[in-house]
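Please consult the sequence and the structure while reading.

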Amino acid sequence: MSFSERPDPLDAGAVLALAPVVPVITVTDIGHALPLAQALVAGGLPVLEVTLRTAHGLAAIEAIAAQVPGALVGAGTVRSADEFAAAVDAGSRFVVSPGLTDKLLARAGASDVPLVPGIATAGELMRAREEGLTHLKFFPAEAAGGVAALRALCAPFPDMRFCPTGGVKLSNLADYLAIDAVVTVGGTWMTPTALLEGGDWNAVEQLAREAAEAVRRIRVEGN
């Protein structure tokens with residue numbers, strides 16, 4: 001049985017620990033959902049964040065959850081309690097949000113599906129920490145100050161763990177992974193629009209493989 005078929009819920013730490021990199025996917029053509037997910041999983045990236053930025057997001061999550069063995073699919077850009085519920089109903093195993101609201105927190109607290117909310121400031125981090133959340137998205141990473149800002153935030157909160165997303169790419173991947181509190185990163189560089197529109201799934205798989213191998217190399221060299 002693969003982890004995506006396990007009946008027991010995963011917590012946020014377990015989800016992020018399974019991800020060398022989390023591809024952040026925005027589906028503009030529902031026909032892309034399955035071959036894209038299959039290519040990413042084949043390339044070594046099993047944890048997939050499908051954003052709700054288009055009308056196809058929920059349908060893509062439902063299709064991937066049902067038809068792509070080995071994929072652990074979740075919803076991204078979840079902005080409300082209602083979207084959280086819809087994402088879970090579609091089969092999301094985790095939920096990622098740009099931020100945190102009282103209503104979203106209440107809905108997440110009543111669910112076994114973990115929430116990874118975005119933070120960009122110390123105040124936002126402290127609020128999430130007070131609510132018992134330990135794994136957060138640092139977003140938008142580069143716009144919010146990048147590696148230097150995240151290092152500064154980590155210093156007073158050594159118990160917190162992060163997935164920086166937003167401007168993360170191969171060229172700065174090592175800098176983010178050098179931070180002990182960074183579990184994984186989220187990015188879009190594995191899914192360029194031109195490859196998706198051209199249906200070049202082999203190229204997507206190769207980009208996914210390069211990303212996964214880069215993370216493994218960085219981790220080995222850092223030890």
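Q: Is Thr77 buried or exposed?
A: The model is predicted, with local features needing pLDDT of at least 70 and side-chain atom pairs counting only at pLDDT 80 or more, while totals for chains, interfaces and linings use all residues. Residues are numbered from 1 along each chain as its sequence is written, and side-chain values use heavy atoms, leaving out hydrogens and water. Buried means under 20% relative accessible area, exposed over 50% and partly exposed in between, with a 1.4 Å probe and protein chains only. Because its relative accessible area is 10%, Thr77 is buried.

Q: Where is Thr77 placed?
A: Helices (H or I, at least four residues) and strands (E, at least two) are DSSP runs, numbered from the N terminus. Thr77 lies in the loop between strand 3 (72-76) and helix 4 (81-90).

Q: Which residues is Thr77 in contact with, leaving aside its neighbours within four places in sequence?
A: Contact means heavy atoms within 4.5 Å. With those neighbours set aside, the partners of Thr77 are Glu49, Thr51, Leu52, Arg53, Glu83, Val96 and Pro98.

Q: Are helix 3 and helix 4 roughly parallel or roughly antiparallel?
A: Axes are lines fitted to C-alpha atoms, for helices over the stretch in contact, and angles run from 0 to 180 degrees between N-to-C directions. The axes of helix 3 (residues 57-67) and helix 4 come within 8 Å and cross at roughly 30 degrees. Angles under 35 degrees count as roughly parallel, over 145 as roughly antiparallel, 65 to 115 as roughly perpendicular and the rest as oblique. Therefore helix 3 and helix 4 are roughly parallel.

Q: Which residues in helix 4 meet helix 3?
A: From helix 3, the residues taking part are Leu58, Ile61, Glu62 and Ala65. Their partners in helix 4 are Ala86, Ala87 and Ala90.

Q: Why do the buried residues of helix 5 line one face of the helix?
A: In helix 5 (residues 102-109), Leu104, Leu105 and Ala108 are buried. The arc is that of the directions from the helix axis to the C-beta atoms. The buried residues line one face because, seen down the axis of helix 5, they fall within an arc of 100 degrees.

Q: Which residues have the most contacts inside the largest nonpolar core?
A: A nonpolar core is a set of buried Ala, Val, Leu, Ile, Met, Phe, Trp, Tyr and Cys residues joined through side-chain atoms within 4.5 Å. The largest one has 64 residues, and those with the most contacts inside it are Phe162 and Val185.
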